[in-house]
Amino acid sequence: MEENKEEQQVTEPAGETTSPEKPVVRRFPWVWIGVLVLAVAFSVMLTYTLTASKTRTREIQSLQTVTVVEQPDDETARNIRNMEQLVGILREKSYYADSMGELDGEALLKAVVSAYIAESGDIYAAYYTEEEYEALAMDVAGNHVGIGVTVTRKELNLGTGDDDEIIDAYQIEEVYPESGAEAAGLAVGEWICAVKKDGAYLTIAQLNQQDSNAAVNEIRGEAGTQVELMILRWDGSAYESRFVTVTRSGVTTRSVRLSLAQSDPTVAVIKITGFDYTTPSQFVEAVEKAKAE
């Protein structure tokens, strides 16, 4: 009992006395409630501040993104956008809108680039597709697949007198020995005026409407395949037409021609029609042949 009383005396607050008959009176913890309320308020304010900061950051990022998109595009981007708008207008407003869906993107690009080069004023510049460049490389090498002729593109007048009828055609300047053209009976001086494509004969002008080399490329092809041509020949009074089928094969380009002068048969004339890797050897061959004769 004595020990318990001592413990009570130690734990009781100073200035207060207790008795068994009087209950102990404790104060309400207002201080702790105030601290708790302040802590909750601080937490709410902190959460609001962080949320507002993140929202503001998103708004700034959004504004920055819009600003970047609305910045002026460079010239290339503007040109591409203009071309897309032009194609869209053509497909929507053109009388031939039904066929616009079949437009070849590569063909359109080639037409645009070719027009750009032509407008630049550089007469020695040209644009080639991958297939055309391969054909050009073969020509420079002096070897290609074709019918075995050398041609020159000219305007041919089919009319007489005041009734002119001018067409584009290829005049045959040379027929290679043992070629498909020789086997088909083609001769120097004749004209190639049309090529059969997809079951119909198309004139040189029609084939070259979008590409000046289209007709030549159509005459060329894979070795062993055939091409059908419309040929015109002058008979002394009018042009006669005939249709021939020529088998394509590998040929070596003849860029050097040897002939004798009409006024003096002892004078040899060597004409170079082009320059490729076979031209030097052909020139030496022509000189030796002229000296021997």
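Student: How much space lies in the second largest pocket?

Tutor: In this predicted model, about 650 Å³ of space lies in the second largest pocket.

Student: Which residues lie nearest the centre of the second largest pocket, and which helix gives the largest share of its lining?

Tutor: A pocket can be read through the residues that line it, and here 22 residues do so, of which Lys-110, Ala-111, Ser-114, Gln-210 and Asp-211 lie nearest the centre. The largest share of that lining, eight residues, comes from helix H5, which spans residues 105-120. By class, the lining of this second largest pocket divides into 11 nonpolar, five polar and six charged residues.

Student: What is the volume of the largest pocket, and which elements each supply at least two residues of its lining?

Tutor: The largest pocket holds about 1,000 Å³ of space, and of the 34 residues that line it, Asp-139, Val-151, Val-216, Arg-220 and Thr-253 are the closest to its centre. At least two lining residues each are supplied by helix H6 (130-141), strand S1 (143-146), strand S2 (149-157), strand S3 (166-175) and helix H9 (214-219). The lining of the largest pocket has 13 nonpolar, 12 polar and nine charged residues.

Student: Which residues form the nonpolar patch on the surface, and why can Leu-90 count towards it?

Tutor: The patch is formed by Met-83, Leu-86, Leu-90 and Val-112, which together have about 290 Å² of accessible area, and helix H3 (residues 75-93) gives the most to it, with three residues. Leu-90, placed in helix H3, is partly exposed because its relative accessible area is 36%, and a patch residue needs over 30%.

Terms used: Residues numbered from 1 in each chain as written. Predicted model: local features only at pLDDT ≥ 70, side-chain atom pairs only at ≥ 80, totals over all residues. Heavy atoms only, no water. 1 Å grid on protein atoms, 1.4 Å probe; cavity = no way out; pocket = protein on both sides within 12 Å on 5 of 7 lines; lining within 4 Å. Points joined across faces, edges and corners; volume = space filled by probe spheres on them. Helix = DSSP H or I, 4+ residues; strand = E, 2+ residues; numbered from the N terminus. Nonpolar A, V, L, I, M, F, W, Y, C, P; charged D, E, K, R; others polar. Patch = residues over 30% accessible without salt bridge, like charges linked within 9 Å, V, L, I, M, F, W, Y side chains within 5 Å. Areas by Shrake-Rupley, 256 points an atom, 1.4 Å probe, with all protein chains shown as cover. Salt bridge = Lys/Arg side-chain N within 4 Å of Asp/Glu carboxyl O. Buried < 20%, exposed > 50% of the residue type's maximum accessible area, 1.4 Å probe, protein only.
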